[in-house]
Amino acid sequence: MAQFWEFFTFELKLRAKSLSTYVYFALWFFLSFLCIAAEDFLNTGNDKVLLNGPFATTAIYIIFSFFGCIVIAALFGTSILRDFQRDTYQIIFTKPITRFAYLGGRWAGSFVTTVLVFTGLIFGEAAGTLAPWADHTRIAHGAFHWYVHAFLIVTVVQIFFLGSIFFTIAALTRKLFVVYLQGVVFFAVYLVINAIFNATRSLEHFWSAIFDPVGLRLLDAVTRYWTPVEQNTLQLPWSGVCLYNRLVWMGVGVLSLIVVYALFPLSVETLTSVSQGRRAARERENDASAAQGARSLVAARLPIIHQVFNASTTLAQFVSLTRIRIRNIFTELPFWAIFCVMVMYAMLQGHFAGHFQDQNVYPVTFLMLDAVRGNSFILLLVVATLYAGELVWRERDTHFDGIHDALPMRESTDWLSRLAALAAIELVLLTVVMLCGILSQTFAGYFHYELIEYFKELYVIVFPQVLIYTLFALFLQTVLKNKFIGHGIVIGSFVLLAVLQAHGWEDTLYLFGNTPSYTYSDMNGYGHFVPALFWSITYWLSIAAFLGVLSIGLAMRGADDGWAARMRLFRHRTPRLMPAAVAFVLIAIGSGSWYFYNTHVLNEFLSAPQRRDIQAQYERDFKKYQFLPQPKVIAVDANVDIYPEHRSFSGTGHYVLQNKTAAPISQIHIVDTQQSISNVRFDRPFHKVSSSKRDLYTIYALDQPLAPGEKLNMNFSVGYNSRGFRDGGERPELAYSGTFFDVGYFPTIGYDPGFELTDPRRRREQHLGPVTDLPQRGDPLGSRTNLFTKDSDWITYNTVVSTSDHDSEGKPQIALAPGYLQRDWHQNGRHYFAYSMGDVKTLDFFAYVSARYDVKRDVFQGVNGPINIEVYYDPHHPYDVDDMIASSKAGLAYYERNYSPFEFKQFRILEFPRYRAFAQSFPNTVPYAESGFIGRVVNPQEDIDRTYFVTAHELAHQWWGHQLIGGAVAGSNMMSESLAEYSALRIAQKKYGDDQMHKFLKHELDGYLRGRASEAHKEPPIVLVQREAYVWYQKGSLVMYGLADFIGEDKVNLALHNFLMQYRYANASDNQDAPYPDTRQFVAALRAQTPPEYQYYITDAFENIVLYDNKALTATYVKTPDKKYKVTLTVQARKLKSDGSGNETPMPFADYIDIGVFSGKKGHEKTLYLQKKKFTQPKQTFEIVVDQLPTRAGIDPINKLIDRIPDDNTIDVTKP
Amino acid sequence: MALTISGLSKTYPNGVKALRNLSLTIGNEMFGLLGPNGAGKSSLMRTVATLQDPDSGSVTLDGIDVLKDKNAVRRVLGYLPQEFGVYPRMSALDMLHHLAIMKGISNKTERNQMVDALLNQTNLWAARKKSLSTYSGGMKQRFGIAQALLANPKLIIVDEPTAGLDPAERNRFLNLLSSIGSNVTVILSTHIVDDVRELCPRMAIIASGQVLLEGSPAAALDLLNGKIFSKVVATDDELRALEASFSVISTHLVGGLHEVRIYAGTNPGADFKPVDSGLEDVYFLNLATQAASQAAN
């Protein structure tokens, strides 16, 4: 024991003297400090989740303890390796020490040290809460016990078992390399496995949580559906999966300690034979081979050679140097470790390139490039950083510099060969990335290889960016005297860039190596991103090249490393380097100036905070006008000329405005958020009262007020002229092919709350109160306001739109807008299209689209005559066109039969570039992003056909949104989104069957529960929904489907039909200013079709937030004499009511819940019995007789109800 | 070829004065540089090998200013540093080929011939394809010699070349060096007196950055002829007594007894016997004199 104590205290003393101990502590301290003090540093939850609450603390500790595995490896590994590195083992192991004292002392010392080092997390977090600039609305005080609990359950346990494993591996291998590598390997392997698991979107949360050593999966499994209130009060418990997980891993730790105790040899001989044996043997062998044969002692004369020094010698030197440097890297294990990680990542990401959210897609080249490039870029930077250090320092590190530096070569040859070697390595890695991408496409059965796209992306765009960092790293390593400081600065600057960018320092011109973001699109290629990319890369590459020239001047050569000596060499080398230095500086100045001229002079440069300032200022200045009575738009007539090759358009517009209020209106307020309106005129005398900066908000006064019911003509110019390029933030609406802008470019009459800031944190920054909710149902003004277009009820619409017959590729484009094509003609190299809706009134919601299109047409025989279905698609994407047409036909058939006749004679789907990813339903016209045109169904049994689904959803909006429009009050959004979602589900169900729908609904349940867990505001019941997408989509489909399960599809559709027929086209005729329908009428329509015993479901599901906690307790079966099986099933049912923040209270209940018995394996059950039973008691037992051998049984087995733990609803049926 | 070193001074940032106004002239010959550790030998060699600039002074090689036109010197230089390492996982063959290219041997046939010849001469032929990092200390030293002799250098600077070589290899190396022939300047730095005695027609002894003696070993020996006496004593006390009364040059242990050599104009008697002088006596005497003069200062 005394010996143990000796080793233990020795270890502690040694660590106390080591600088690294304090550096590690400081590292954890600051990381943890920043998490609290700088909100953006690590996002652990939404605005309602405390930054230092139990959930956030646990998440922070898990993440940093995970990163800490490298530190754990270093601390534990070196403690056991120290004696072998310093060759003191010969001394130690010849003394009479016990295994326990030696191993135990070292291990315990390391454990205590590591735990103390990691307490930096606790102290850092505590210190962060005191930072005066921190967001104190999200910090709880006196929370020290939270830190300690999380530290114990997460960090200490992890240090114990990881440390023990690393200790054991280090003790048994005794190789420094292994010590450092094992941490990295653990890190990488875990990330890969975690990524795979995430990508499968599995809803399995038990075994994955138990066997997760780090805790990311465990935390997810336990807290997945925790509401903010729970996240701020509950800890990871020492029970359930948490306990099992911790026990499993502590067990692994103990096991590894037993292993090391049993296997560690405590004798010098055994130890030596492993650590030194092979090396000594090799030397002996070499010496022996040299000694063979007797040689004359007389020296033979050496041959005479001729030295040549000319340009080709310089080249030969350069090539030879580069070659051995590349060879040096290729023969190193760490390089291959990085290489393998890279390949693993690329193949993994490549595999999932064809999985876009929950659907399969064709792994087209841009998706594949996105997938394989992302992580590879980081790894390439790691290679650049690491090997810049190795290459610059190799001669010195290996003590070869004496010979190397005296060779007759120029510094530039030597230095450039380092650059060339690194560049070559990076090119090799990029090629590997490309091959991984191509291979992944092949595996996915996609054979349309676009090598030129790979080439452009990887070699022309990514490679120069890597090169910029390579030059930077080489420069640092050349100038600095310490390799590791160099590494630190490179990585630090990379992190710093991200931090700066997050805080509004966004200018490419001062963010080192930065390029503006860009998106490749099959419709457009790199399109309008090319100039900004080219000039930013030129700018930074020439600056980096200048640093390179500087490095050549400052490169160390010879024994003297003092600055005086280096400056002397520098002055000596300057004349030769001057021309290159000047050239690069000139290129940098030139390209930088051109970049500045484009991004700051031709265009206004606004950082994200500046843009938020504009939004906030707008709200502060003009919010007071929100309820100012304004006339409504009742007719729109516009001429729009699109110039796709200039990413511009111009035109004129004509509005007819009508005063639908009872009082005269003397001021017209016009909002122009896109800087696209000018030249506003009215048909009577008027003057401009005021106009805010950028013409965002302009007030006009009519000399003679507009009387109630009176109409007013308003004319204006509309257009936007793209000039030069921007520093990111290019308008996605304008493209060389795929122009798509909507009514947002046209004048908005009256204050538009849509331009307000919505993120609560940003609003707090701007000292704005909470964002205004939609008013309650029945609000006099809100009820009379159109939910979608505040400044209009219904309009008549006519337009002429033209586009180029010779666009940037010299090809003709097609221009589209809602309405029926009246005629089209060519004039002056342009193609004109006149569209009109005729007498049909529509929502004031239109769009202009122009692109190079292929068109596929079909006709559906609707109840009121033929309906033309047209899909306008990019020639690259023919895949899903038929699917879209099929969905449109199925939808038209179902909706016309169940809801009402289709209002229009055409339905068109238009592809637009993937700068934005959505589909949107304009009258009879649906622009749909590129991502929807590459959907793919590999296995119809398993895959969700999202394109089919979304098409049906958008088509359904032609009813729910274009026929039925709600008032601008709480809840109305669900009448468009939830009903479109429900409609689409029905269409998909008809094609893919019930089982698929259950699977889909399971994901919807998960989405809803996670959505409410991250609710930053408060969750409303669905009929009062404000802007919570997870409520109107996911909860919407769950409750609509749930209701249909009670009362039947027919009854639900009948309710919808009645509701629609009563309230559609509200306010559609001029002069009409009546209330729009809201969810009260909607609920009434549902209730009318629902029998009394199920009315409670509508109250629960639609008007409240109700959660079930159902659970199967026991299930046994006995064989009956008539060869049947009698199942005895005991289940628990609980119903809870939740408030908007997630506080739950139990509810009494008399509910009908499914009871089911199944045969077959879990996951592939066949239904033997499924019936609704009335529940009044929390615990009930059922006896059910089935024909076949039962395997599973339970309550609400196919998860029709909202239940936070759906997995425990069924259990195995066993013999008693 | 002639190397002229004049007035070389160098003070390191830590205050150590490595060279103090040192001047030497070295012709086409094998020139031995003797001195104790820290005498400034390596500093001098590095300066001549273009790896270090002096604070003052000049070095010229046949009219080339070594300090300015470094690359001109490097082309004719063969340099073996005192300590050097190798790239891991590179074979001697590949490395020599690389260095041959670097030294401007552009003709491939010549390069092959030279590399093969050197591998044979340094007895590395059998191990030529083995990784350098697996070489033993002696083999590594031989590789160092081989690379220094690539490209028929006109100026060869070898710093402690025989350290780490076994006696047979040492002889072989010395033979090789002496066979390289005329019109080559070789500077051999060592603290092994025998290396110089066996090889160098001219030599210098330096200590504390200064030249103590420059000339031919024979001439230096002549000066000491008949002035070295030796005595064998048994105990440390006797040795101390001798040190107090005579200028002791050196002591050796012979069979457990101290053999003391002193320098004196005439036989001091007291059992001292006259003995033949050796180069080692020259070396030690110079060092002792310098130490004494420094102590006097």
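At what angle do helix 6 (residues 99–118) of chain A and helix 8 (residues 144–173) of chain A pack, and how far apart are their axes? In this predicted model, the two helices pack at an angle of about 140 degrees, with their axes 10 Å apart. Because angles over 145 degrees count as roughly antiparallel, this value leaves helix 6 of chain A oblique to helix 8 of chain A. The crossing of these two helices is right-handed. On the side of helix 6 of chain A, the contact is made by Trp107(A), Ser110(A), Phe111(A), Thr114(A), Val115(A) and Phe118(A), and on the side of helix 8 of chain A by Thr155(A), Val156(A), Ile159(A), Phe160(A), Gly163(A) and Phe167(A). By class, the contact of helix 6 of chain A with helix 8 of chain A comprises eight nonpolar and four polar residues, with no charged residues.

Helix 11 of chain A passes helix 13 of chain A in a right-handed crossing, and the contact is made by Leu218(A), Ala221(A) and Val222(A) of helix 11 of chain A together with Val241(A), Cys242(A) and Asn245(A) of helix 13 of chain A. The residues of this contact are five nonpolar and one polar, with no charged residues.

The axes of helix 18 (residues 365–397) of chain A and helix 20 (residues 411–443) of chain A likewise come within 10 Å, and they cross at roughly 160 degrees; helix 18 of chain A is therefore roughly antiparallel to helix 20 of chain A. Here, too, the crossing is right-handed. Helix 18 of chain A contributes residues including Met368(A), Leu369(A), Val372(A), Arg373(A) and Tyr387(A), while those from helix 20 of chain A include Arg418(A), Ile425(A), Glu426(A), Leu429(A) and Cys436(A). The residues of the contact of helix 18 of chain A with helix 20 of chain A divide into 16 nonpolar, four polar and three charged.

The domain assignment of chain A gives domain 1 (2–274), domain 2 (311–503 + 511–529), domain 3 (624–766 + 789–852), domain 4 (854–958), domain 5 (966–1104) and domain 6 (1106–1216). Between domain 1 of chain A and domain 3 of chain A, the C-alpha centres lie 59 Å apart. Helix 22 (residues 483–502) of chain A, with 20 residues, reaches 29 Å from its first C-alpha to its last, close to the 28 Å expected at 1.5 Å a residue, and is followed by Gly504(A), whose phi is positive, near 90 degrees.

For chain B, the domain assignment gives domain 1 (3–215) and domain 2 (222–296), and the C-alpha centres of domain 1 of chain B and domain 2 of chain B lie 33 Å apart. The contact between these domains takes nine residues from domain 1 of chain B and six residues from domain 2 of chain B. On the side of domain 1 of chain B that touches domain 2 of chain B, the elements that give two or more residues are helix 7 (193–199), strand 9 (202–207) and strand 10 (210–215) of chain B; helix 7 of chain B gives the most, with three residues. This side of domain 1 of chain B divides into eight nonpolar residues, no polar residues and one charged residue.

The contact between the two chains takes 52 residues from chain B and 44 residues from chain A. On the side of chain B that touches chain A, the elements giving two or more residues are helix 2 (70–75), strand 6 (77–80), helix 3 (92–102), helix 4 (108–121), helix 5 (137–149) and helix 6 (167–179) of chain B. Helix 4 of chain B gives the most to this side, with six residues, and the residues of the side of chain B that touches chain A divide into 24 nonpolar, 18 polar and ten charged.

How values were computed
Residues are numbered from 1 along each chain as its sequence is written. Chains are lettered from A and ligands numbered from 1 in the order in which they are written. This is a predicted model: local features need pLDDT of at least 70, side-chain atom pairs count only at pLDDT 80 or more; totals for chains, interfaces and linings use all residues. Axes are lines fitted to C-alpha atoms, for helices over the stretch in contact, and angles run from 0 to 180 degrees between N-to-C directions. Helices (H or I, at least four residues) and strands (E, at least two) are DSSP runs, numbered from the N terminus. Angles under 35 degrees count as roughly parallel, over 145 as roughly antiparallel, 65 to 115 as roughly perpendicular and the rest as oblique. A crossing is left-handed if the near helix is turned anticlockwise from the far one by less than a right angle, and right-handed if clockwise. Two residues are in contact if their C-beta atoms, placed from the backbone, lie within 7 Å. Ala, Val, Leu, Ile, Met, Phe, Trp, Tyr, Cys and Pro count as nonpolar, Asp, Glu, Lys and Arg as charged, and the others, Gly among them, as polar. Domain bounds come from an automatic or database domain assignment. The expected span of a helix is 1.5 Å times one less than its number of residues.
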